[in-house]
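Biologist: Could you walk me through reading this model, feature by feature? I would like the general idea and then the case at hand.

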Amino acid sequence: MIELQNVSKIYPNGVRALNDVSLSIPAGDFVFLVGPSGAGKSTFLRILFREEIPTEGKVMVDGKDIVGMPDGRVPYLRRNLGIVLQDFQLLKRRTVAENVAFGLRVIGAPENVINARVQETLETVGLSHKRRMFPDELSGGEQQRVCVARAVVNNPLILITDEPTGNLDPMISLEIMQLFLDINARGTTVIMATHNHHLVNKLRKRVIALVEGRLIKDEPGGTYAYE
Amino acid sequence: MGFDSLVFFCSEALTNLRRAGVMTFVTVSTIAVALLLMGTFLLATMNMEFFLDRLQEEAMVTAFLVPGTASDRVSALKLQVTGFEEVSDVTVVTPEAAARELFTDPADQNLLQIGLGEGNNPLPYTIRMKVRSAADLPGLLAKLKAMPQVESVGYGEEAFRQFQGLSQLLWIGSVLVIILLGLSSLFIVYNTVRLTLFMRREEVVIMKLVGATNWFIRWPFIIEGFIHGLLGAALALVLLLFGAPFIMARLAALVPFFTFDLAAAHLFKLSIKLCLMGIVLGISGSLLSLRDLNAFGREM
Ligand SMILES: Nc1ncnc2c1ncn2[C@@H]1O[C@H](COP(=O)(O)OP(=O)(O)OP(=O)(O)O)[C@@H](O)[C@H]1O
Ligand SMILES: [Mg+2]
């Protein structure tokens with residue numbers, strides 16, 4: 001599903017955020033991406049959804065070379081990806097249902113399909129009773145669940161998430177985590193960057209550790225430790 | 001684009017226009033002011049053209065015949081000229097009539113009695129005619145000159161050239177003014193749309209994250225630009241139509257010999273032109289602001 005060969009990223013300011021990273025993630029995998037602050041985790045994820053272009057190396061996502069991909073193809077790549085970031089990126093002036101619907105609107109889905117899928121997805125994340133509320137009326141955990149709903153509303157192949165529990169308390173984090181596990185159980189590949197060692201150590205999934213842009217550990221059923 | 005998407009784009013555009021409030025007002029009034037000025041120029045130019053056309057059509061062409069042409073030859077020639085498609089109102093002026101015309105002043109009348117009696121009138125027969133359309137004039141002149149009985153041909157050549165020069169100048173002037181006004185209002189529209197884009201950057205970033213194409217992001221803005229342009233044109237037209245008599249009076253005072261005319265068909269054409277210009281302005285302002293969407297949100 002995802003292939004990286006000798007990928008390096010040097011930002012225009014000279015910072016080397018990734019250094020010769022090679023790895024492969026098969027379909028259906030659940031991967032934790034760990035490492036100290038500034039290790040290059042967010043950079044790695046942004047390369048996967050083509051927000052950044054690597055300086056060197058090759059990146060294949062779903063069989064497509066995304067480095068040489070023309071800008072015009074990027075939207076179609078992203079329609080196969082679900083993206084959840086740390087700060088809840090919700091539109092404050094739209095209801096929960098409208099926020100989730102956004103993922104389908106963009107691909108030109110007809111209104112009846114949108115309504116059905118939004119309802120279904122909101123039920124999955126347990127928020128269908130709050131579909132008419134606005135983001136400000138929800139708790140942090142609920143807002144993050146709306147983001148997850150929006151990310152998965154069009155059944156993505158891969159879910160990419162960068163510290164989705166960073167701002168949430170442990171109980172709520174666990175709920176969000178359960179959501180990702182459910183999504184993964186239905187076949188979606190999940191890649192999650194996190195600092196939450198409790199979750200990583202508890203769940204024993206594949207762990208990839210980056211330090212100073214280098215891949216220093218890639219261990220199935222691994223733990224959080226990266227030294 | 002599916003029907004549901006179109007509905008979505010339109011409702012987005014309307015919501016955004018409402019939310020942008022002051023920005024919408026600034027954009028619409030900028031377009032309106034620019035169009036008002038453009039409209040005034042267009043109105044003046046259209047009138048000038050209209051006036052010139054009429055002037056040219058009313059211009060008399062006079063063919064001076066070779067002196068001593070017999071009167072029956074003259075009648076034959078008159079028939080021939082009347083047969084030309086491009087002329088109307090053909091009249092023959094006899095030497096006597098020409099002399100009388102020449103000396104209209106009563107004080108000069110006695111000159112007629114003294115020198116220009118029967119037989120020694122040096123004036124030739126002339127045939128006068130009107131051109132149906134100014135465009136036919138050069139062809140007609142050539143045709144007349146080619147006739148052996150025609151010694152020379154005269155028409156209001158000088159005045160004609162001057163008016164044509166004036167008209168060209170006016171056209172060049174108004175095209176320049178329109179381009180300048182267009183560019184400066186485009187600049188203002190561009191910047192206000194840029195601001196509204198900045199206010200909506202979160203939305204744009206999210207749209208891009210979920211896989212919206214650049215055109216998907218642009219459509220609501222384009223519809224907004226369209227509405228901006230249409231509203232601006234409507235505003236300009238209302239002002240122009242109310243202000244037109246006043247503007248006309250001013251112009252008439254400026255150029256005294258002008259007859260200004262505001263035919264309904266005239267105004268209708270002008271309205272269409274202004275609406276089109278408004279729409280072009282509004283949409284190109286939007287498109288210009290949304291050129292570099294690929295780089296948008298990179299700083300996320
Ligand atoms: N847009 C950018 N321009 C320049 N340098 C950047 C940019 N983004 C990140 N960096 C630098 O690249 C390095 C890796 O950053 P990155 O955000 O990938 O780290 P991270 O592992 O996600 O850290 P954290 O755990 O704090 O989120 C850092 O040194 C950072 O300063
Ligand atoms: Mg990060």
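Biologist: In what order do the 4 strands of the open sheet in chain A come, and what is the pairing?

Modeller: A word on the ground rules: this is a predicted model, where local features need pLDDT of at least 70, side-chain atom pairs count only at pLDDT 80 or more, and totals for chains, interfaces and linings use all residues. Residues are numbered from 1 along each chain as its sequence is written, chains are lettered from A and ligands numbered from 1 in the order in which they are written, and side-chain values use heavy atoms, with hydrogens and water left out. Helices (H or I, at least four residues) and strands (E, at least two) are DSSP runs numbered from the N terminus, and two strands pair if DSSP finds at least two bridges between them. Here the order is β2-β1-β4-β5 of chain A, with antiparallel pairing. β2 (16-25) and β5 (64-65) of chain A each have a single partner strand, so one side of each lacks a neighbour in the sheet.

Biologist: How many bridges join β1(A) and β2(A)?

Modeller: Strand β1 (residues 2-10) of chain A pairs with β2(A) over 6 bridges, in the antiparallel sense. Leu4(A), for instance, has Leu23(A) in β2(A) as its bridge partner. When you look at side chains, recall that in a regular strand they alternate between the two faces of the sheet.

Biologist: What is the strand order in the open sheet of 6 strands?

Modeller: Its order is β6-β7-β8-β3-β9-β10 in chain A, and the pairing is mixed. At the edges are β6 (81-84) and β10 (214-219) of chain A, each pairing on one side only. From one strand to the next, the twist averages 15°. Strand β9 (residues 206-211) of chain A runs antiparallel to β10(A), with 5 bridges, and Val207(A) stands opposite Glu219(A) in β10(A).

Biologist: Which strands does helix α1 of chain A lie across?

Modeller: For angles, axes are lines fitted to C-alpha atoms, for helices over the stretch in contact, and the angle between N-to-C directions runs from 0 to 180 degrees. Contact means heavy atoms within 4.5 Å. Helix α1 (residues 41-48) of chain A lies across β3 (30-34), β6, β7 (158-162), β8 (189-193) and β9 of chain A, at about 150° to β7(A). Helix α5 (residues 140-152) of chain A lies across β6 and β7 of chain A, at about 165° to β6(A).

Biologist: At what angle do α5(A) and α6(A) pack?

Modeller: The angle between α5(A) and helix α6 (residues 170-185) of chain A is about 15°, and their axes are 10 Å apart. That makes α5(A) roughly parallel to α6(A); the classes are roughly parallel under 35 degrees, roughly antiparallel over 145, roughly perpendicular from 65 to 115, and oblique for the rest. Among the residues making the contact are Val148(A) of α5(A) and Leu179(A) of α6(A).

Biologist: How do the axes of α3(A) and α4(A) cross?

Modeller: Those of helix α3 (residues 96-105) and helix α4 (residues 111-124) of chain A come within 9 Å and cross at roughly 120°. That makes α3(A) oblique to α4(A). Val100(A) of α3(A) and Ile114(A) of α4(A) are among the contact residues.

Biologist: Which side chains of chains A and B meet in a salt bridge at 2.6 Å?

Modeller: Side chains of opposite charge can pair when their charged atoms come close. The rule asks for a side-chain nitrogen of Lys or Arg within 4 Å of a carboxyl oxygen of Asp or Glu. Arg94(A) and Glu12(B) meet this way at 2.6 Å, N to O. Arg94(A) is in the loop between β6 and α3 of chain A, and Glu12(B) is in helix α1 (residues 3-20) of chain B. Over all chains, the count comes to 17 salt bridges.
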